[in-house]
Amino acid sequence: MSAITWEVFASRGFETAWPELGPGVLRARGRAVGTDPEPYWISYELDTADGFVTSTLRVTAETADGVRTLDLRHDGKGRWTANGAPLPDLDGALDCDLGLCPLTNTMPVLRHGLHREPGERAFLMAWVSVPDLAVRPSRQIYTHLRPGRVRFSSGDFRSDLEFDGEGFVVDYPQLATRLTAR
């Protein structure tokens, strides 16, 4: 398993992920350090089911205030829990989106081949803010612009992301850029 490292401008930090791609599934573990909005360390483990649908995201965040953990789970039928508590606002969402983490843009792009083929898809995401690990619904749209280029938009925010052939972010203007090749 090879690592991917990004410089994350939005957090003034770095992230390294160790992803494993299989037919229709992604597993990854990663570590991030940032200084904005406050100094923090993050570690995470991500598992998807068939079709790159999130099954679990386990996150630990360490800040000056202490350590927080999140165990985010998708039941495969569209329902979510965070540390065992139901999250009805996320009913129907398929993916998690860990804030300031370029890796979690991979699942919807791979599921629909948007880094390779024309299309536009709207998603409801289980968005996890960093470093407080609060989980909120987030409406996002991914639009294929050309091979390797996908526009991400959510509310008033838009950014044209560059993906490699495997579906991993190479450049996410305003957020991060990859430092190492996969």
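This is a predicted model: local features need pLDDT of at least 70, side-chain atom pairs count only at pLDDT 80 or more; totals for chains, interfaces and linings use all residues.

Visitor: Let us begin with strands. Which way do β9 and β10 run relative to each other, parallel or antiparallel?

Guide: To read a strand pair, look at the direction and at the number of bridges. Strand β10 covers residues 120–128, and four bridges join β9 to β10 in the parallel sense.

Visitor: What unit do β9, helix α1 and β10 make?

Guide: Follow the chain through the three elements. Helix α1 spans residues 106–112, and together with β9 and β10 it makes a right-handed β-α-β unit.

Visitor: How many bridges join β10 to β11?

Guide: Nine bridges do, and these two strands run antiparallel. Glutamate 120 has threonine 143 in β11 as its bridge partner. The two strands form a hairpin with six residues between them, and leucine 133 in the turn has a positive phi of about 65 degrees.

Visitor: Which residue in the turn between β12 and β13 has a positive phi?

Guide: Glycine 155 does, at about 60 degrees; β12 and β13 form a hairpin with two residues between them. Strand β13 comprises residues 157–163, and six bridges join β12 to β13 in an antiparallel arrangement. Within this pair, phenylalanine 152 stands opposite serine 159 in β13.

Visitor: And what happens between β13 and β14?

Guide: Strand β14 takes in residues 169–172 and pairs with β13 in the antiparallel sense over two bridges. Glutamate 162 stands opposite aspartate 171 in β14. This hairpin has five residues between its strands, and glycine 167 in the turn has a positive phi of about 100 degrees.

Visitor: On to charged side chains. How many salt bridges does the structure hold?

Guide: There are eight salt bridges in the structure. For each one, ask about the distance, the position in sequence and the exposure of the partners. Glutamate 45 and arginine 58 form one of them, with their closest N and O atoms 3.2 Å apart. Glutamate 45 belongs to strand β4 (residues 40–49) and arginine 58 to strand β5 (residues 53–63), so this pair ties together parts that are 13 residues apart in sequence.

Visitor: Are glutamate 45 and arginine 58 buried or partly exposed?

Guide: Glutamate 45 is partly exposed, at a relative accessible area of 39%. Arginine 58 is also partly exposed, at 26%.

Visitor: Which residues are linked with Glu45 and Arg58 in a network of salt bridges?

Guide: Arg27 and Asp47 are linked with Glu45 and Arg58 in that network.

Visitor: Which residue does arginine 151 meet in a salt bridge?

Guide: Its partner is aspartate 160, and the closest N and O atoms are 2.7 Å apart. Arginine 151 counts as partly exposed at 33% relative accessibility, and aspartate 160 counts as partly exposed at 25%. Another bridge joins the side chains of aspartate 71 and arginine 73, at 3.1 Å from N to O. Aspartate 71 is partly exposed, with a relative accessible area of 22%, while arginine 73 counts as partly exposed at 38%.

Visitor: Is tryptophan 6 buried or exposed?

Guide: Buried means under 20% relative accessible area. Tryptophan 6 has 0% relative accessibility, so it counts as buried. Tryptophan 6 is found in strand β1 (residues 4–8).

Visitor: Now the empty space. How does one find it?

Guide: Rolling a probe the size of a water molecule over the atoms shows where empty space is left. The largest pocket here holds about 280 Å³ of space. Its lining has 16 residues, and Asp97, Leu100, Trp127, Phe152 and Tyr172 lie nearest its centre. Elements β9 (95–98), β11 (135–146) and β12 (149–154) each give two or more residues to this lining. By class, the lining of the largest pocket divides into nine nonpolar, six polar and one charged.

Visitor: What volume does the largest cavity have?

Guide: The largest cavity has a volume of about 80 Å³. It is lined by 13 residues, and Glu15, Ala32, Gly99, Leu100 and Cys101 lie nearest its centre. The elements giving two or more residues to the lining of the largest cavity are β2 (13–22) and β4. β4 gives the most, with three residues. The lining of the largest cavity has ten nonpolar, two polar and one charged residues.

Definitions and conventions
Residues are numbered from 1 along each chain as its sequence is written. Side-chain values use heavy atoms; hydrogens and water are left out. On a 1 Å grid over the protein atoms alone, a cavity is a set of points where a 1.4 Å probe fits but cannot get out, and a pocket is an open set with protein on both sides within 12 Å along at least five of seven lines; lining residues have an atom within 4 Å of a point. Grid points are joined across faces, edges and corners, and a volume is the space filled by probe spheres set on the points. Ala, Val, Leu, Ile, Met, Phe, Trp, Tyr, Cys and Pro count as nonpolar, Asp, Glu, Lys and Arg as charged, and the others, Gly among them, as polar. A salt bridge is a side-chain nitrogen of Lys or Arg within 4 Å of a carboxyl oxygen of Asp or Glu. Buried means under 20% relative accessible area, exposed over 50%, partly exposed in between (1.4 Å probe, protein chains only). Two strands pair if DSSP finds at least two bridges between them. A crossover is right-handed if, with the strands pointing away from the viewer, the path from the first strand over the helix to the second runs clockwise.
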